[in-house]
Amino acid sequence: MLVGPSGSGKTSLLRTVAGLERPRVGRVSFAGEVWLDAQRKVRLSPERRRVGYLPQDYGLFPHLDVAANVRFAGRRERPDLLERFGISNLSRARPQQLSGGERQRVALARALARDPRVLLLDEPFGALDTLTHQQVRDELSDLLAELQLPTLLVTHTFADATALGHRVGVLDQGRLAQVATPSELVRHPADATVAALTGANLLHGTATPAASGATVTLEGGGTLSSAARATGPVQIAIHPWELELANAETSTLTDTIVSVRQDRGALIIRLTRVTLQAKPIDNGQRSLEPGTTVGLRAAPGDVRVFGPGDNL
């Protein structure tokens with residue numbers, strides 16, 4: 001899986017693997033077969049690469065019905081794929097008559113109709129509403145586990161990458177910043193860009209050496225301690241669940257509540273500088289109304305420090 005912000009080069013990379021773009025430099029190989037070697041002028045055609053490609057807009061032909069869209073890719077009828085994706089009853093429908101989830105199932109069936117060696121998925125959930133998104137993501141996870149087909153999926157959402165990928169690559173401005181398991185990306189991000197994509201809060205400040213790491217004086221006021229040694233201008237990254245509410249009068253860092261909402265049994269508290277995820281608490285013990293100033297604290301081991309050159 002590849003995750004990265006808009007403009008990081010995700011779609012260009014997929015199109016290069018599929019043979020739809022011809023970069024001036026670079027090399028692509030699969031199972032020992034060279035598909036692209038720009039220096040040696042080797043460029044295998046898309047047809048010979050046998051790639052199943054699902055573009056962001058699904059790429060369905062509006063003038064063809066569902067069965068014909070799937071048949072076009074494999075050059076033969078594929079009732080087995082229509083059945084597998086639960087779209088047999090839609091075989092005579094046109095794409096404009098389908099819901100977003102149904103269009104995606106048709107596009108996946110068409111991608112598999114070529115009996116591909118590799119499956120390429122470009123932002124497969126981008127056109128789906130929240131409820132359909134979750135349902136289709138679960139279905140796709142089950143499908144990929146069943147197929148055991150090499151798959152490269154790109155997304156700008158880390159949650160999708162972690163739900164579907166065993167290893168995730170972070171792409172930033174055409175550069176592969178880090179490749180690791182989802183949990184490793186969260187625990188040990190290579191730079192501030194990786195940390196931000198995993199959902200961390202980023203703050204700027206100045207680090208001063210301390211006995212057991214560093215004390216970071218933050219822009220806008222307040223300090224946090226880090227177990228990492230650092231000196232001078234830095235960025236720090238802290239995930240929302242690593243922050244805790246504390247007494248404002250005794251805390252070295254305070255912030256003001258902007259909004260509070262419930263999300264799957266947790267409180268998501270948005271403050272002016274950070275977002276915090278907490279367990280539901282007794283509101284009689286602490287006011288969580290917008291405009292309230294609260295203290296914040298984090299364990300020094302959770303305060304990750306990056307130098308000024310570590311992106312963002």
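## Basis of the model

The model is predicted: local features need pLDDT of at least 70, side-chain atom pairs count only at pLDDT 80 or more, and totals for chains, interfaces and linings use all residues. Residues are numbered from 1 along each chain as its sequence is written, and side-chain values use heavy atoms, with hydrogens and water left out.

## Nonpolar cores

The largest nonpolar core holds 43 residues. A nonpolar core here is a set of buried Ala, Val, Leu, Ile, Met, Phe, Trp, Tyr and Cys residues joined through side-chain atoms within 4.5 Å. Buried means under 20% relative accessible area, exposed over 50%, and partly exposed in between (1.4 Å probe, protein chains only). Phe 85, Ile 87 and Leu 140 touch the most other members of this core. Helix H5 (residues 100–112) gives the most to the core, with six residues. Helices (H or I, at least four residues) and strands (E, at least two) are DSSP runs, numbered from the N terminus.

In soluble globular proteins, nonpolar side chains tend to be buried together.

What does Ile 87 contact, leaving aside its neighbours within four places in sequence? Its partners are Val 66, Leu 82, Arg 105, Val 106 and Ala 109. Contact means heavy atoms within 4.5 Å.

## Helix H3

Helix H3 spans residues 66–74. Its buried residues are Val 66, Ala 67, Ala 68, Asn 69, Val 70 and Gly 74. Helix H4 (79–84) and H5 are among the elements that cover them.

Asp 65 caps the N-terminal end of H3. A side-chain oxygen of Asp 65 lies 3.3 Å from the backbone nitrogen of Ala 67. After H3 comes Arg 75, with a positive phi near 60°.

## A three-stranded sheet

Strands E2, E3 and E4 form an open sheet in the order E2-E3-E4, with antiparallel pairing. Two strands pair if DSSP finds at least two bridges between them. Strand E2 (27–30) and strand E4 (42–43) are the edge strands, and each pairs on one side only. E2 and strand E3 (residues 33–37) are joined over four bridges in the antiparallel sense. Arg 27 stands opposite Asp 37 in E3.

## Buried polar residues in loops

Glu 242 sits in the loop between strand E13 (232–238) and strand E14 (244–246). It counts as buried because its relative accessibility is 11%. The side chain of Glu 242 makes a polar contact with the side chain of Arg 304, at 2.9 Å. A polar contact is a pair of N or O atoms within 3.5 Å; within protein, one must be able to donate a hydrogen and the other to accept it, and residues adjacent in sequence count only if both atoms are side-chain atoms. Leaving aside neighbours within four places in sequence, Glu 242 is in contact with Arg 297, Ala 298, Asp 302 and Arg 304.

Glu 123 lies in the loop between strand E6 (118–122) and H6. Its relative accessibility is 11%, so Glu 123 counts as buried. A polar atom of the Glu 123 side chain lies 3.1 Å from the backbone nitrogen of His 156. Not counting residues up to four places away in sequence, Glu 123 touches Lys 10, Gln 56, Val 154, Thr 155 and His 156.

Ser 251 is in the loop between E14 and E15. At 18% relative accessibility, it too counts as buried. A polar atom of its side chain lies 2.5 Å from the backbone oxygen of Asn 247. Not counting residues up to four places away in sequence, Ser 251 touches Ala 246, Gly 295 and Leu 296. Ser 251 and Val 294 are 43 residues apart in sequence, yet 8.6 Å apart in space, C-alpha to C-alpha.

## Pocket and cavity

The largest pocket has a volume of about 720 Å³. Of its 24 lining residues, Thr 157, Ala 159, Asp 263, Arg 264 and Gln 277 are the closest to its centre. Helix H6 (130–147) is one of the elements that give two or more residues to the lining. H6 gives the most, with five residues. On a 1 Å grid over the protein atoms alone, a pocket is an open set of points with protein on both sides within 12 Å along at least five of seven lines; a cavity is a set where a 1.4 Å probe fits but cannot get out, and lining residues have an atom within 4 Å of a point. Grid points are joined across faces, edges and corners, and a volume is the space filled by probe spheres set on the points.

The count comes to one cavity of 30 Å³ or more. The largest cavity has a volume of about 30 Å³. Its lining includes Leu 203, Leu 253, Asp 255, Arg 273 and Leu 296.
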